[in-house]
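Colleague: Before I plan anything around this protein, could you take me through how its descriptions were reached?

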Amino acid sequence: MIKITCENINKTFYSELNTNLYQELKQNEIPIASSCGGEGVCKKCIVFLNETEGLPPLTELEIRAKLNQGERLACQLHLNCSLTISTTYW
Ligand code: FES
């Protein structure tokens, strides 16, 4: 099981390996911004990660989004390790 800790709102949940972070946040009723419904084009689902080592590489859509260090698009990230995340609105 993979542990996801949402900083600032004191929420933690557990997910299966290779599940999609955006879908897991929605399923766990944690607000995550989006206007594209998880298609990887709106850039509203940016999450900030304390640690990025060991994560899957950036997808083509994330590269095009020109993310800053430590940022990922939740809708493009398939979980392979435990994470602590935050957003600008939590
Ligand atoms: S939900 Fe639109 S880019 Fe991720």
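Modeller: Please keep in mind that this is a predicted model, and that buried residues make up 22% of the 90 residues in the protein chain.

Colleague: What makes the protein chain agree with a compact globule?

Modeller: For 90 residues, the rule for a compact globule gives a radius of gyration near 12 Å, and the protein chain has 12 Å, so the two agree. The C-alpha atoms fill a box of roughly 30 × 25 × 20 Å along the principal axes.

Colleague: Which order do the elements follow from the N terminus on?

Modeller: They run β-β-α-β-α-β-β, with 2 helices and 5 strands in the protein chain.

Colleague: Why is K66 called exposed?

Modeller: A residue counts as exposed if 12 or fewer other C-beta atoms lie within 10 Å of its own; K66 has 8 within that distance, and is therefore exposed. K66 is found in the loop between α2 (60–64) and β4 (71–73), and its C-alpha atom is separated by 9.7 Å from that of K43, 23 residues apart along the chain.

Colleague: Which residues have the most contacts inside the largest nonpolar core?

Modeller: They are Y22, C45 and A74, in a core of 14 residues. Two or more residues each come from β1 (2–6), α1 (21–27) and β5 (83–86), and the largest share, 3 residues, is that of α1.

Colleague: What is A74 in contact with, leaving aside its neighbours within four places in sequence?

Modeller: Contact requires C-beta atoms within 7 Å, and on that basis A74 is in contact with L21, Y22, L25, I32, C45 and V47.

Technical notes
Residues numbered from 1 in each chain as written. Predicted model: local features only at pLDDT ≥ 70, side-chain atom pairs only at ≥ 80, totals over all residues. Helix = DSSP H or I, 4+ residues; strand = E, 2+ residues; numbered from the N terminus. Rg over C-alpha atoms; globule rule 2.2 N^0.38 Å. Buried ≥ 20, exposed ≤ 12 C-beta atoms within 10 Å, placed from the backbone. Core = buried A, V, L, I, M, F, W, Y, C linked by C-beta atoms within 7 Å. Contact = placed C-beta atoms within 7 Å.
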